[in-house]
Amino acid sequence: AAAAVAPNNPSVRMNLGLALHNNGDRAAGVAEFRAAVRLDPTDPKAHAWLGWVLQYDQDHAGAAAELAE
């Protein structure tokens, strides 16, 4: 997978997270978005995507926390 080739690239982790989440593996998708945030905690896109998928998965408190970052 792309994350194996570039495990420290937040953009790769976000793209993989989106693909996984959109294909029904929501937990793995969230894990990839969390990895992207850990890799670059200052990237607003990483927080926004994580917030969006948490909101989609009905984790409203988690989503609010990420979107506030």
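**Note on helix packing and an aromatic cluster**

1. Start with the aromatic cluster. Phe33, Trp49, Trp52 and Tyr56 together make up one aromatic cluster. The model is predicted. Across the structure there are 3 aromatic pairs. Two of them are described next.

2. Trp49 and Trp52 pair edge-to-face. Their ring centres are 5.9 Å apart, and the planes make an angle of 80 degrees. An angle over 60 counts as edge-to-face. Both residues belong to helix H4, 3 residues apart, so about one helical turn separates Trp49 from Trp52. Trp49 is partly exposed, at 33% relative accessible area. Trp52 is also partly exposed. Its relative accessible area is 40%.

3. Trp52 and Tyr56 form a stacked pair. Here the centre-to-centre distance is 5.6 Å, with 25 degrees between the planes. Planes under 30 degrees apart count as stacked. The two residues sit 4 residues apart in H4, so about one helical turn lies between Trp52 and Tyr56. Tyr56 is partly exposed, with a relative accessible area of 45%.

4. Now the helices. Helix H2 covers residues 10-22. H2 and H4 pack at an angle of about 15 degrees, and their axes are 11 Å apart. Angles under 35 degrees count as roughly parallel. H2 and H4 are therefore roughly parallel to each other. Their crossing is left-handed. From H2, the contact uses Met14, Leu18 and His21. From H4, it uses Lys45, Ala46, Trp49, Trp52, Val53 and Tyr56. Sorted by class, this contact of H2 with H4 has 7 nonpolar, 1 polar and 1 charged residues. Trp49, Trp52 and Tyr56 are also members of the aromatic cluster.

5. H2 has another neighbour in helix H3, residues 26-39. The axes of H2 and H3 come within 7 Å and cross at roughly 165 degrees. Angles over 145 count as roughly antiparallel. H2 and H3 are therefore roughly antiparallel to each other. The H2 and H3 crossing is left-handed. On the H2 side, the contact is made by Pro10, Arg13, Met14, Leu16, Gly17, Leu18, Leu20 and His21. On the H3 side, it is made by Arg26, Ala28, Gly29, Val30, Glu32, Phe33, Ala35, Ala36 and Leu39. By class, H2 with H3 gives 11 nonpolar, 3 polar and 3 charged residues.

6. Which residues join H4 to H5? In H4 they are His47, Ala48, Leu50, Gly51, Leu54 and Gln55. These meet His60, Gly62, Ala63, Glu66 and Leu67 in H5. The class count for H4 with H5 is 5 nonpolar, 5 polar and 1 charged residues. H4 spans residues 44-56, and H5 spans residues 60-67. Their axes come within 8 Å and cross at roughly 165 degrees. H4 and H5 are therefore roughly antiparallel to each other. The crossing of H4 and H5 is left-handed.

7. The loop between H4 and H5 contains Gln58. Gln58 has a phi near 70 degrees. That is a positive value in a residue other than glycine. Is Gln58 buried or exposed? Gln58 is exposed, with 56% relative accessible area.

8. Ala19 lies in helix H2. Ala19 is partly exposed, at 35% relative accessible area. Ala19 and Leu39 are 20 residues apart along the chain, and their C-alpha atoms are separated by 19 Å. Leu39 is one of the H3 residues in the contact with H2.

9. Ala27 is placed in helix H3. Ala27 counts as exposed, at 61% relative accessibility. Its C-alpha atom is 9.9 Å from that of Val53. Along the chain, Ala27 and Val53 are 26 residues apart. Val53 is among the H4 residues that contact H2.

Key
Residues are numbered from 1 along each chain as its sequence is written. This is a predicted model: local features need pLDDT of at least 70, side-chain atom pairs count only at pLDDT 80 or more; totals for chains, interfaces and linings use all residues. Side-chain values use heavy atoms; hydrogens and water are left out. Axes are lines fitted to C-alpha atoms, for helices over the stretch in contact, and angles run from 0 to 180 degrees between N-to-C directions. Angles under 35 degrees count as roughly parallel, over 145 as roughly antiparallel, 65 to 115 as roughly perpendicular and the rest as oblique. A crossing is left-handed if the near helix is turned anticlockwise from the far one by less than a right angle, and right-handed if clockwise. Contact means heavy atoms within 4.5 Å. Ala, Val, Leu, Ile, Met, Phe, Trp, Tyr, Cys and Pro count as nonpolar, Asp, Glu, Lys and Arg as charged, and the others, Gly among them, as polar. Rings of Phe, Tyr and Trp (its six-membered ring) pair if their centres lie within 6.5 Å; planes under 30 degrees apart count as stacked, over 60 as edge-to-face and the rest as tilted. Buried means under 20% relative accessible area, exposed over 50%, partly exposed in between (1.4 Å probe, protein chains only).
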